Amino acid sequence: MHPISHLFLGWTLANLAGLDRRDRMLVTVAGVIPDLDGLGVVVDIATEGTRHPTWYYDQYHHLLGHNLAFGLALLVLAIPLARRRVGTPLLVLLSFHLHLLADILGSRGPDGYQWPIPYLLPFSKAWTLTWSGQWELKAWPNVVASLVMMALALWWSWKRGRSPLELVSRRADARLTETLRARFGVPG
Ligand SMILES: [Zn+2]
């Protein structure tokens with residue numbers, strides 16, 4: 001899945017669980033943060049055509065952030081940060097695993113590469129996960145799922161007064177809710 005879709009997936013989980021603001025943020029971020037291991041692409045683009053080109057994206061994407069150790073690190077980090085000391089760290093771990101699942105289901109590259117997930121790294125190289133039915137990153141199931149999750153986010157913004165915008169700006173978040181309520185009325 002695209003990182004933005006992962007963000008909405010984490011958001012959906014956090015809102016289904018009825019968490020408060022800080023814990024929502026933790027669960028949402030856990031759903032998208034594995035893809036930080038793809039940031040090497042920035043260096044790759046910068047060094048392309050130079051005498052020392054890099055392939056960080058190919059080397060590290062789906063390696064560093066897409067394994068159990070990374071998920072457990074997120075769980076441990078969430079314990080002191082979360083308001084709900086037990087429930088939220090477990091949801092953080094679940095959100096992380098939903099990310100992996102979504103990648104296994106639908107992140108095939110246009111070249112057919114499946115981006116296998118080395119789940120047990122760095123403990124073991126066994127269990128490198130792929131699924132033969134995996135669809136492409138831009139295939140319709142991803143598009144439909146993303147649209148549904150975005151519609152749900154808009155509905156929650158109208159109904160509950162919050163959206164993923166709260167991760168970047170509470171003001172923008174409030175404005176979206178105001179706009180929706182001005183258009184569709186105030187929820188009863
Ligand atoms: Zn991913």
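Tutor: The buried residues of α1 are Ser 5, His 6, Leu 7, Phe 8, Leu 9, Gly 10, Trp 11, Thr 12, Leu 13 and Ala 14. Buried means 20 or more other C-beta atoms within 10 Å of the residue's own, with C-beta atoms placed from the backbone. That is 10 of the 14 residues of α1, so the helix is mostly covered. This is a predicted model: local features need pLDDT of at least 70, side-chain atom pairs count only at pLDDT 80 or more, and totals for chains, interfaces and linings use all residues. Residues are numbered from 1 along each chain as its sequence is written.

α1 covers residues 3–16. Helices here are DSSP runs (H or I, at least four residues), numbered from the N terminus. At 1.5 Å a residue, α1 should span 20 Å, and its end C-alpha atoms are 20 Å apart, which agrees. The expected span is 1.5 Å times one less than the number of residues. Just after α1, Gly 18 takes a positive phi of about 65 degrees.

What lies over α1? The cover of its buried residues includes α2 (21–32), α6 (87–106) and α7. Contact means C-beta atoms, placed from the backbone, within 7 Å.

Now the largest nonpolar core, which has 23 residues. Such a core is a set of buried Ala, Val, Leu, Ile, Met, Phe, Trp, Tyr and Cys residues joined through C-beta atoms within 7 Å. Leu 26, Val 27, Ala 30, Leu 74 and Val 92 touch the most other members. α1, α2, α5 (68–81) and α6 each give two or more residues to this core. α1 gives the most, with six.

Terms used. A residue is buried if 20 or more other C-beta atoms lie within 10 Å of its own, exposed if 12 or fewer, and partly exposed in between; C-beta atoms are placed from the backbone. Two residues are in contact if their C-beta atoms, placed from the backbone, lie within 7 Å.
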